[in-house]
Each structure stands twice: as C-alpha cells, then as structure tokens.
Amino acid sequence: YQQQLELQKLQLQQQQRTADEPGRTEVKLNECEELSMDFSDGSLKAYASAVNVDKDFARTTAVTRARAELAASLKSLVTNVIKTYRRSDTVGTIQDYEDKAEQTADVIAEEQMAYTAVACSKLYVVSNGKYEAAVCVKMINDFQEVCRDAVKRALSEDDKLRTEFDEVRF
C-alpha cells in the first residue's frame, strides 16, 4: 500500500515537472481522479472512465472498470502480504505457496468487490455528442483488515498443506 502511494506521488511529481517543459501542457485531473489518489482517509480507491453514446452505459462501464482496477490492486496487496508471511515458513515448496497465495488473493478480491461504493461520479458531454463518465470507487471495508484476514486464511490453508505433506512423508 505504501509503495502504491509513493508510486502515485512520483507520477504526480513527474506530471508537474513535464508541465514546465516547453511545448507541453499540463492536463488537469478531474475531481474523481484526484479523489482516487487521495489516501488520507486510509481507504483503497480506483479511478476509471468510459465514453459511450448512452450515458448510463458509459457510467456502468466506468464503474466496472474502476472495480476491476480496485480488485487488481487489492489482489496485489493481499498476494504480497501472504507471500511475505509464507517466506518465513519452510513446509512445502515455494511454488505451492505462490499458487496458494494467488488463489487466496483471487477469492478475497472477488469477495471484497461486494463491499465497494462509488465515491465520486462525474458525467461530461464530449464534442462528438457522446457521454464520458468518470468515477472513483472505494472499498468500504478496511483493506488492512482484509489483508490480516487473508493471512489468517493462508494460515488455515498452510495447516492443510502441512497435513497433506506429513501424510505423504509417512
């Protein structure tokens, strides 16, 4: 999470630097995009936009894309937490742990998408008459708690893996 926050700060700093170069114009972020980069409230957020002739379809598509981005971010965080924990354990192979971490992270990310909300939604009419929807979605649940639960789930799976390993060994 901290790495993601630092990366986004670096990206913003890079945008500001390039805006000062000759021949370049700074692109202003819309309110939803800015909100997606604000982690001061501790919630995990994602931004997306979509353009379509149907305004409802544009919004639905933007929300779907933002949730997919949020799920990918959450999956990455959970996978890293589980892998870090499992590196301290020596039962099973590293590949077993990585496979299990991916599976657990997939399940958790999918489950958590039911606990998301649209934090910001903007609708624009673009020059060709189409609609552009911009949204920011956020997790309602505390993602740090979600990561802790993931480790607990991983512990449970590790116990099963240990049992399977012991049965094969004897």
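Which residue in β3 is the bridge partner of Y124? In this predicted model, that partner is E132. The pair is a handy way into the sheet, so to speak, and the rest of the tour follows from there.

**The sheet**

Three strands make up an open sheet, written here as 3 strands in the order β1-β3-β2, with antiparallel pairing. Its edge strands are β1 and β2 (116-125), each of which pairs on one side only. On average, neighbouring strands of this sheet are turned by 15° against each other, direction ignored.

Let us look at the two pairings in turn. Strand β3 covers residues 131-139 and pairs with β2 in the antiparallel sense, over 9 bridges. Besides the Y124 and E132 pair, V125 stands opposite Y131 in β3. On the other pairing, β1 and β3 also run antiparallel and are joined by 8 bridges. There, A46 has V137 as its bridge partner in β3.

The hairpin of β2 and β3 has 5 residues between the strands. Within this hairpin, G129 takes a positive phi near 90°.

**Around N52**

N52 belongs to strand β1. Leaving aside residues up to four places away in sequence, N52 touches F57, A58, K130 and Y131. One of these, Y131, is the residue that V125 stands opposite. The C-alpha atoms of N52 and A133 are separated by 8.5 Å, although the two residues are 81 apart along the chain. The side chain of N52 also reaches the backbone nitrogen of D54, at 2.9 Å.

**Around S43**

Now to the loop between α2 (31-36) and β1 (45-52), where S43 lies. Is S43 buried or exposed? S43 is buried, because its relative accessible area is 11%, and the cut-off for buried is under 20%. Not counting residues up to four places away in sequence, S43 touches K138 and M139. The side chain of S43 makes polar contacts with the side chains of D41 and K45.

| From | To | Distance |
|---|---|---|
| S43 side chain | D41 side chain | 2.9 Å |
| S43 side chain | K45 side chain | 3.3 Å |
| N52 side chain | D54 backbone nitrogen | 2.9 Å |

To put the pieces together, S43 sits in the loop between α2 and β1, while N52 lies in β1 itself. In the sheet, β1 is joined to β3 by 8 bridges, and β3 in turn pairs with β2 over 9 bridges.

Methods
Residues numbered from 1 in each chain as written. Predicted model: local features only at pLDDT ≥ 70, side-chain atom pairs only at ≥ 80, totals over all residues. Heavy atoms only, no water. Helix = DSSP H or I, 4+ residues; strand = E, 2+ residues; numbered from the N terminus. Buried < 20%, exposed > 50% of the residue type's maximum accessible area, 1.4 Å probe, protein only. Polar contact = N/O pair within 3.5 Å; in protein donor to acceptor, adjacent residues only side chain to side chain. Contact = heavy atoms within 4.5 Å. Pairing = 2+ DSSP bridges. Axes fitted to C-alpha atoms, helices over the stretch in contact; angles between N-to-C directions.
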